[in-house]
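The following exercises concern a single protein chain.

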Amino acid sequence: MRAATCNDSCCAVTGNERESHSYLSRLGIGLARVRHLMQLRRERSQLQTLPDELLRDVGLTREQARRESRRHFWDDIGGRR
């Protein structure tokens, strides 16, 4: 069987291995996305606990922080970078 290089240029794979490698790559991307969404959820919930002085430091009003903290974790505007 002829060896081929994967799209990521990280390793040489053969026909059957290519399918497995592709699945593992997609799985890794999916896990990274889940980690990102969990972090986003934590950050939004922490906004509610920040004092007004810290909110001013990051350029947010109490009302803006309240609205942002109420957004769903899957509502991620910049998540597909």
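Buried means under 20% relative accessible area, exposed means over 50%, and partly exposed lies in between, with a 1.4 Å probe and protein chains only as cover. The model is predicted, and local features need pLDDT of at least 70, side-chain atom pairs count only at pLDDT 80 or more, while totals for chains, interfaces and linings use all residues. Residues are numbered from 1 along each chain as its sequence is written, and side-chain values use heavy atoms, with hydrogens and water left out.

**Exercise 1. Describe the secondary structure and the surface of the chain.**

Step 1. Helices (H or I, at least four residues) and strands (E, at least two) are taken as DSSP runs and numbered from the N terminus. On this basis the chain has three helices and two strands, arranged along the sequence as β-β-α-α-α.

Step 2. Of the 81 residues in the chain, 15% are buried. The accessible surface comes to about 6800 Å², and carbon and sulfur atoms account for 53% of this area. Accessible areas come from the Shrake-Rupley method with a 1.4 Å probe; for residues, only the protein chains shown count as cover.

Step 3. Contact means heavy atoms within 4.5 Å. Among contacts between residues at least 6 apart in sequence, 33% join residues at least 24 apart.

**Exercise 2. Explain what the salt bridge between Asp52 and Arg62 ties together.**

Step 1. The chain has seven salt bridges by the rule of Exercise 2. In one of them the side chains of Asp52 and Arg62 meet at 2.9 Å, N to O.

Step 2. Asp52 lies in helix 2 (residues 52–57) and Arg62 in helix 3 (residues 62–70), so the pair ties together parts that are 10 residues apart in sequence.

Step 3. Both partners are partly exposed: Asp52 has a relative accessible area of 38%, and Arg62 has 35%.

**Exercise 3. Trace the salt-bridge network that includes Arg44.**

Step 1. The network links Arg44, Glu68, Arg71 and Asp75. Arg71 and Glu68 are bridged at 2.9 Å, N to O, and Asp75 and Arg71 at 3.1 Å, N to O.

Step 2. The side chains of Arg44 and Glu68 also form a polar contact of 2.9 Å. A polar contact is a pair of N or O atoms within 3.5 Å; within protein, one must be able to donate a hydrogen and the other to accept it, and residues adjacent in sequence count only if both atoms are side-chain atoms.

Step 3. Arg44, in helix 1, is buried at 5% relative accessible area. Glu68 is partly exposed at 25%, as are Arg71 at 24% and Asp75 at 35%.

Step 4. Leaving aside neighbours within four places in sequence, Arg44 is in contact with Glu68, Ser69, Arg71, His72, Phe73 and Asp75.

**Exercise 4. Identify the side chain with which His36 makes a polar contact.**

Step 1. His36 lies in helix 1 and is partly exposed at 35% relative accessibility.

Step 2. The side chains of His36 and Asp76 are joined by a polar contact of 2.6 Å.

Step 3. The C-alpha atoms of His36 and Trp74 are separated by 9.9 Å, although these residues are 38 apart along the chain.

Notes: Salt bridge = Lys/Arg side-chain N within 4 Å of Asp/Glu carboxyl O.
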